[in-house]
Amino acid sequence: MWGAVGTAPIVYFIQAGPGGPIKIGYSSRSGAARLRENQTAQAETLILLAEARGTREDEAALHGQFNHRRVRGEWFENCTEIQDLIAYLQDGGTLRSYLG
């Protein structure tokens, strides 16, 4: 997966169905593990869009940056700003470089 994060803490991006809202979360486990856990509480099929090495502080910074797009809790609108970040991570970019 993007960046081969292994067991390092990550920030992950999970989407609720095609075109649905996107969850930005933090985990000490893989994005795939979080996908399985989150799927049990969702009617929509969840899609793991990206994961990158990151901290709780990185997650909080992204939540703040995209606060105007927040739907509820850690869920955000599927918007160009977040899609651009996901594409950046999928292309090998890092949260550190993105957040500066």
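Two strands are taken to pair if DSSP finds at least two bridges between them; helices (H or I, at least four residues) and strands (E, at least two) are DSSP runs, numbered from the N terminus. The structure is a predicted model, in which local features need pLDDT of at least 70 and side-chain atom pairs count only at pLDDT 80 or more, while totals for chains, interfaces and linings use all residues. Residues are numbered from 1 along each chain as its sequence is written, and side-chain values use heavy atoms, with hydrogens and water left out.

We can begin with the sheet. An open sheet is built from 5 strands in the order S3-S1-S2-S5-S4, with antiparallel pairing. Strand S3 (46–53) and strand S4 (70–72) each have a single partner strand and stand at the edges, so one side of each is left without a neighbour in the sheet. Of the 8 residues of S3, 6 are buried (under 20% relative accessible area; exposed is over 50%, partly exposed in between; 1.4 Å probe, protein chains only), so S3 is largely enclosed by the rest of the structure.

Helix H2 (residues 56–65) lies across strand S1 (10–16), strand S2 (22–27), S4 and S5, and runs at about 160° to S2. Helix H3 (residues 80–90) lies across S1, S2, S3 and S5, at about 60° to S3. Angles run from 0 to 180 degrees between N-to-C directions, with axes fitted as lines to C-alpha atoms, for helices over the stretch in contact (heavy atoms within 4.5 Å).

Turning to charged side chains, 6 salt bridges are found in the whole structure, each a side-chain nitrogen of Lys or Arg within 4 Å of a carboxyl oxygen of Asp or Glu. One of them joins Glu 74 and Lys 23 (3.4 Å, N to O). Glu 74 lies in the loop between S4 and S5 and Lys 23 in strand S2, so this pair ties together parts that are 51 residues apart in sequence. Glu 74 is partly exposed at 27% relative accessibility, whereas Lys 23 is buried at 9%.

Another salt bridge links Arg 69 and Glu 77, whose closest N and O atoms are 3.0 Å apart. Salt bridges that share partners also join Arg 29, Arg 34 and Glu 37 into one network.
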